[in-house]
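Trainee: I've got the model up on screen. Walk me through it, please, and show me what stands behind each label.

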Amino acid sequence: MTAPLGAADRPLRIAVVGAGPAGLYAADSLLRRGDMSLSIDIFNRFPTPFGLVRDGVAPDHQSIKAVARIFDRVLADPRVRFFGNVTYGVELRRRDLKRLYHQIIYAVGAQADRRMSIPGEDLPNSLPASSFVGWYNGHPDYRDLPADLSCERAVVIGNGNVAMDVTRILVTSPDALAGTDIADHALEKLRHSRIREVVVLGRRGPVQASFTTPEVRELGKLEGVDVIVDPRDLRLDAVSESDAEEDRTAKGNLRILHDYAARTDHSAPRRITLRFLASPVEIVGADGRIAALRIEQNELVVDPNGALRSRGVGRFETIPTGLVLRSIGYRTVPIEGVPFDPATSTINNVAGQVVHPNTGEVLQGEYVVGWAKRGPTGLIGNNKPDSAATVDAMVADLPALQRLGDNHRDPSQVEALLRERGIDYVTYGDWRILDQHEVAAGRAQGRPRVKVTTVPEMMAVIREGR
Ligand code: NAP
């Protein structure tokens, strides 16, 4: 009789696609199942693991990056193998994973940006905030982002924490950033930046803003920076007022915003202006560059679901600017062979189990975690319970997978397949070579690390160190 999957003589073989927080928390949760014998292979497009912890968290928020220590322990576990520099859908396909593993977890995050669909959106220097974040964090895809910081005023559209991050980076003194792991190319450009004001535009009111209180408070502590709020923007309609009573974050945010509105000394060299109830309607160009942003004042209206939405009132204004950062949220893109729900921009799933969009039929042995599962919201730590819930579903499914054959599930087969395809995959040991190289370069400059920012350079460091 065949042993149950996960028994000592029949280890469960699991593939995780994506080495970001959601995938690594899922692996962590699996490793904690002391009653199961298993091995986990984690595939990642880049040679570097940790996803948004490396490429998303702002360089002046080093304490948030401490979670990488937990993730490092996961990768160092003898039951886990890291396969970096392997692109899912190109070098390794779904059918390979289905053959080689009993279960697959897609942890691919949300790689693309949402669109505003307004005229002028594609003018040069109208950039998704997600690309700008990748640029200052040394993400290889955005190494050469043509961000032009030669204008005096930038506008950031959106009221989330990413908007807070990019705003802070634009006005923080480069000397203060020099001690972080910000990418060298970004630091160099920020040193020559002429930006003196960042206008942050929320389409709804202050109560509906999705930034959190520590992040909006932090703006007021930046050296050489005034934060300006028009007290009239803080007058609330009845619904917002009662919502604010019940929402701790909104209440905390309002307290901070009132404090900013009461400040009258605006003599600092740089400023952040927080504006509410206004939507962009056109990015106005002149000579192929951004000259201004045209905005429309909004009012709040209750939609059929009882939520407050913004609605234009037909009053327009033009803000002169040369840089627009669109910080209106991330978007998951479909991946090879996996059902996708375009309405929610997520992998089609029910509680983490991938399901067929038309029939609702469960795709046995396929799961999703993180932003690809629930949409692009939540802090890094929110992934821990979310990934653990998917792992619970995976364990509950094991009896249904019992009949899967084990012929191709020898751990050496995937290595052979990747080698056969000529892929120079990066192991955990290889990553440690690159990690130590970056940390040593940082130590010499009193910084946490100096990032290597292109894949060929990363691979050169690894090959030399092997
Ligand atoms: P977000 O919190 O969803 O914020 C998106 C913002 O864009 C909202 O204010 C939204 O307004 C606005 N928006 C959407 N479409 C718009 C449009 N067409 N025109 C104008 N505004 C529009 O997303 P995020 O800032 O990308 O952050 C993603 C997640 O990462 C969040 O959970 C965030 O907390 C987290 N994060 C955390 C940190 C941190 O802890 N320091 C840092 C970065 C990110 P509406 O509300 O009106 O839709």
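Mentor: Let's start in the loop between β11 and β12, where you'll find Asp-287. A quick note on the ground rules: numbering runs from 1 along each chain as its sequence is written. This is a predicted model, where local features need pLDDT of at least 70, side-chain atom pairs count only at pLDDT 80 or more, and totals for chains, interfaces and linings use all residues, while side-chain values use heavy atoms, with hydrogens and water left out.

Trainee: Why does Asp-287 count as exposed?

Mentor: Its relative accessibility comes out at 79%. The scale calls a residue buried under 20% relative accessible area, exposed over 50% and partly exposed in between, using a 1.4 Å probe and protein chains only. At 79%, then, Asp-287 goes into the exposed class.

Trainee: Buried or exposed, what is Phe-50, and why?

Mentor: Buried, because its relative accessible area is 8%.

Trainee: What makes β11 and β12 a pair?

Mentor: Two strands pair if DSSP finds at least two bridges between them. β11 and β12 have eight, in the antiparallel sense, so they pass under that definition. One example is Pro-280, whose bridge partner in β12 is Ile-295.

Trainee: Which sheet do they belong to?

Mentor: An open, antiparallel one of three strands, in the order β11-β12-β13. β11 and β13 (308–320) are called edge strands, as each pairs on one side only. On average, neighbouring strands here are turned by 20 degrees against each other, direction ignored.

Trainee: Which other open sheet is there, and in what strand order?

Mentor: A seven-strand sheet with mixed pairing, ordered β3-β2-β1-β4-β20-β19-β18. Here β3 (80–83) and β18 (349–350) are at the edges: each has a single partner strand, so one side of each lacks a neighbour in the sheet.

Trainee: What packs on that sheet?

Mentor: Helix α1 (residues 21–31) does, touching β1 (12–17), β2 (38–43), β3 and β4 (103–106). Contact here means heavy atoms within 4.5 Å. The direction of α1 makes about 170 degrees with that of β2. Axes are lines fitted to C-alpha atoms, for helices over the stretch in contact, with angles from 0 to 180 degrees between N-to-C directions. Helix α13 (residues 383–401) lies across β1, β4, β19 and β20, at about 155 degrees to β20.

Trainee: How do you know that β19 and β20 pair?

Mentor: There are two bridges between β19 (residues 353–355) and β20 (residues 362–368), in the antiparallel sense.

Trainee: What makes β9 "mostly covered"?

Mentor: Five of the five residues of β9 (residues 225–229) are buried. Val-225, Val-227 and Val-229 lie on one side, Asp-226 and Ile-228 on the other, and both faces are covered. β9 also pairs in the parallel sense with β10 (residues 270–275) over five bridges, and Val-227 has Ile-272 as its partner there.

Trainee: Why is helix α5 called largely enclosed?

Mentor: α5 (residues 129–136) has eight of its eight residues buried, so the rest of the structure largely encloses it. Among them are Phe-132, Trp-135 and Tyr-136. Just after α5, Gly-138 takes a positive phi of about 75 degrees.

Trainee: Last one: why does Val-426 count as buried?

Mentor: Its relative accessibility is 0%, so it lands in the buried class. Val-426 sits in the loop between α14 (412–420) and α15. Leaving aside neighbours within four places in sequence, its contacts include Pro-47, Phe-82, Trp-431 and Ile-462.

Terms used
Helix = DSSP H or I, 4+ residues; strand = E, 2+ residues; numbered from the N terminus.
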